[in-house]
Amino acid sequence: MSFIPGQPVTAVVQRIEIHKLRDGDNLILGFSIGGGIDQDPSQNPFSEDKTDKGIYVTRVSKGGPAEVAGLRMGDKIMQVNGWDMTMVTHDQARKKLTKKGEDVVRLLVTRKSLENAVRQSMMH
Amino acid sequence: MPIDRLADMEEKLRILEDLNMIYIRQIALSLKDSDIQKKIDYEIRMREGACKLLAACSQRDQALEASKSLLTCNARIMAYMSELQRMKEAQVMQRVARRSSDAGPMDDRSPCKGKVAISDLRIPLMWKDTEYFKNKGELHRCAVFCLLQLGGEIFDTDMVMVDRTLTDICFDNTIVFNEASPGFELRVELYSCCSEEDYSAGSTPRKLASKLSSSLGRSAGKKMRAALEPGACSPTSNGGGATILLPVPSVPGPKYHLLAHTTLNLSHVQDSFRTHDLTITGNEECSYWLPLYGGVCCRLAAQPHCMTQQMMSGCLRVKLGGEPQGWTNVYGVLKGTNLFCYHQKEDMEANVEPVLTIGINKETRIRAAEKDPHSKAQNICITNQYGGEEVTHTLAADSREDTQRWMEAFWQQFYDMSQWRQCCDDLMKIELPSPRKPAIVTPKQGSLYHEMVIDTSDDIGTVTDILARRIEEFELRAQLGSPPHWMSLFDEDSPRSPHKHQHLPPHSPSPRLHSRQPRSPRCHRTPGLLSSNASLTSDSDSPTSVSPCFRQAWSPDTSSPSSRFRPRTLSLDAKLSTLRGRGYGGFRCNCQPPTANSVSPRPTQTALSCSSSTSSSSSSEGSNSQESDLGFSRPSGARRSLRNLRAKLDPRNWLQSQV
């Protein structure tokens, strides 16, 4: 992911589709998020750039819907169902993920390993 | 005189409409297509029902819904009629073609149809920030919905009320069109209707309206005038006044106007969300105007039937392995981008893994090989590129006709894939809207800007309640405890040990606070003080006042047999302050050690000692009052919510939320 201030962010992304698990009245996805424009970015253990205020996946429950769908700890979430996640507060991000009535969320995530993989495959 | 003319016009319109109906029915009959005719009849009945409902209903919401149904019915009728006309034309053309001699074999291959689904429609708005942040004045609200048309199918979304607290118009519906060809055109139209006070448009005569508008003020009058003028701002209002073929009966009630539209086709189909441009009709002067940003974001997915259905199946023989004569009998199924070969037909039905899967995609090459001397029919060779290498599978059908049919199926598959393009790379998922329709109407969608709402249990009132209760507790404990060591400063004669017991009569000075919650749960927790419960609760009823409280305390104090209170030479004020201090200060020595939550050395001690015990003052005590991490026994819900509030407001934390 290249972050040049003032320029659009470019990244190698992966699409992940998570089917929420119904637990009584709740729909759970099975992961935790951290970050947001109202949070302190220097405390983010997963970001490369410590000024990045994006939404990161901090924990993935084992066997949960998120892990099954391919989400990994440390992923940065760029979009949720078309809604941008690179410039939102923490609460806004949580709300976009936990909308009642939505059984499926389609995320656009990026991770360092993706970029490496692409770079390596381009070198051959 | 003019009224007669109006009635005359209406009469003429009705006659025209009847004639149209007859014309339509004739066409339908001649085509021997009763299906469309049934549909038209149904829609006409729906339309009549909607008109009646519109005339009858009084509530604004009902009127809006009925008007929306009316518009949809009209649109559907128009679509069916144009379909009828097309079919009629096609029939006529065919007859002409048949008559002419050169009707060569029409070898056009037609691509397979597919399902097209559009979902998660979102139209961003662009309010002027001055308009957005001002909160005075009435809210300009519009009712909007989307009409989606593909081929002969028309669907409408639910109606959404939009005002300036919304940043986007979101439609949650998923709309699936079942028989779409790859050259489809999906027309998305956004209709809106101003939803201000009931104008009962159409009933007020023009002159009166202009008189009213001048007296109502410019903007209100403008809106009223616009409401009275149907279609003032757009040529099509109420769904199709454009053609004479279907004159629309003018009904009173809210009228929707076309605000924006766009057309989507195969090139816009993608498995993820995309933004498309909207063409906006109407301008700021119209009553139904909304400041659209100019785009619509949605997910447009397509599932061609060649990807979801079995296009061909039958018995085949395939050469497996290296043996030249090793033919294996398999049951082949052509579906999507693969040819699945199962041992037997039952395996496929039982969802057993196929023996062999041959990819059939854009890169595949299929050709009929030369005649195998051992068999009667030609072989089919399928070549694919896996990684860097070429892999060829050889198949054979049982007979020449079978071979021909398989080749035909492959060609059709290739043609479909070339027509549906990106939809055939991978199967796009389409979620069918769940059959249960939630009857709950979501309340006004919260604006993104207003979403950081603090939980009601976190408000200041509750915090001060908790503080008040805490003070109660402290005071209770103070009865058991002893004055702090600094109290001895006031006693010049003899230093006292901090743990002397202090007997206070039941009617001790109680800081009577304005508390909303009942105090009994609090009191029960401290053992041995049940006797003072009564006093506390009775005290709670009386209004807050400081001086009577201490005056009261003053007298029992002097009569107390405690040997500690030697006659003092201090002034009354000092005495009063000591008593206050005694009442409040005792907690410091005797309370439970605070839990991990509470952190700082509490200046509450000094704060409380001088408090006049009203809630406002306790909330103004320094920075601690907001996040009172008084970690003593209190309802855990309040503690948790306060903790959350504290965590949210503390910029040092890095919040994590579980979803």
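Predicted model: local features only at pLDDT ≥ 70, side-chain atom pairs only at ≥ 80, totals over all residues.
## Extent of the interface

The size of an interface is often given as the accessible area lost when the parts come together. Between chain A and chain B, the buried area is about 2400 Å². Carbon and sulfur atoms give 52% of that area. Chain A brings 32 residues to the contact, and chain B brings 23 residues.

## Polar and charged pairs across the interface

Nine residue pairs are in polar contact across the interface of chain A and chain B, both residues of each pair being at pLDDT 80 or more. On the side of chain A that touches chain B, at least two residues are supplied by each of β1 (14–19), β4 (31–35), β5 (55–60), α2 (90–97) and β8 (104–110) of chain A. The largest share of this side, seven residues, belongs to α2(A). Sorted by class, the side of chain A that touches chain B holds 14 polar, eleven charged and seven nonpolar residues.

Side chains of opposite charge can pair when their charged atoms come close. One salt bridge is found across the interface of chain A and chain B. Its members are A:Glu17 and B:Lys429, whose closest N and O atoms are 3.0 Å apart.

## A:Glu17 within chain A

A:Glu17 also meets A:Arg106 in a salt bridge, with an N to O distance of 3.0 Å. This pair links distant parts of the chain: A:Glu17 lies in strand β1 of chain A and A:Arg106 in strand β8 of chain A, 89 residues apart. Over all chains, the count of salt bridges comes to 19.

## Strand pairing between the chains

Strands of a sheet pair through backbone hydrogen bonds, either parallel or antiparallel. Such pairing also joins the two chains: β4(A) and strand β18 (residues 656–658) of chain B run antiparallel over three bridges.

## The four-stranded sheet of chain B

In chain B, four strands form an open sheet with the order β5-β1-β10-β8 and antiparallel pairing. Which strands stand at the edges? They are β5 (168–180) and β8 (273–277) of chain B; each has a single partner strand, so one side of each is left without a neighbour in the sheet. Neighbouring strands of this sheet are turned by 30° against each other on average, direction ignored.

Strand β1 (residues 114–124) of chain B is joined by seven bridges to strand β10 (residues 295–304) of chain B, and the two run antiparallel. In this pairing B:Ile118 stands opposite B:Leu300 of β10(B).

Strand β12 (residues 327–335) and strand β13 (residues 338–342) of chain B are antiparallel and joined by five bridges. B:Leu334 stands opposite B:Leu339 in β13(B). The hairpin of β12(B) and β13(B) has two residues between the strands, and B:Gly336 takes a positive phi near 65° there.

Definitions and conventions:
Residues numbered from 1 in each chain as written. Chains lettered and ligands numbered in written order. Heavy atoms only, no water. Contact = heavy atoms within 4.5 Å. Buried area = accessible area lost by both parts, 1.4 Å probe. Salt bridge = Lys/Arg side-chain N within 4 Å of Asp/Glu carboxyl O. Polar contact = N/O pair within 3.5 Å; in protein donor to acceptor, adjacent residues only side chain to side chain. Nonpolar A, V, L, I, M, F, W, Y, C, P; charged D, E, K, R; others polar. Pairing = 2+ DSSP bridges. Axes fitted to C-alpha atoms, helices over the stretch in contact; angles between N-to-C directions.
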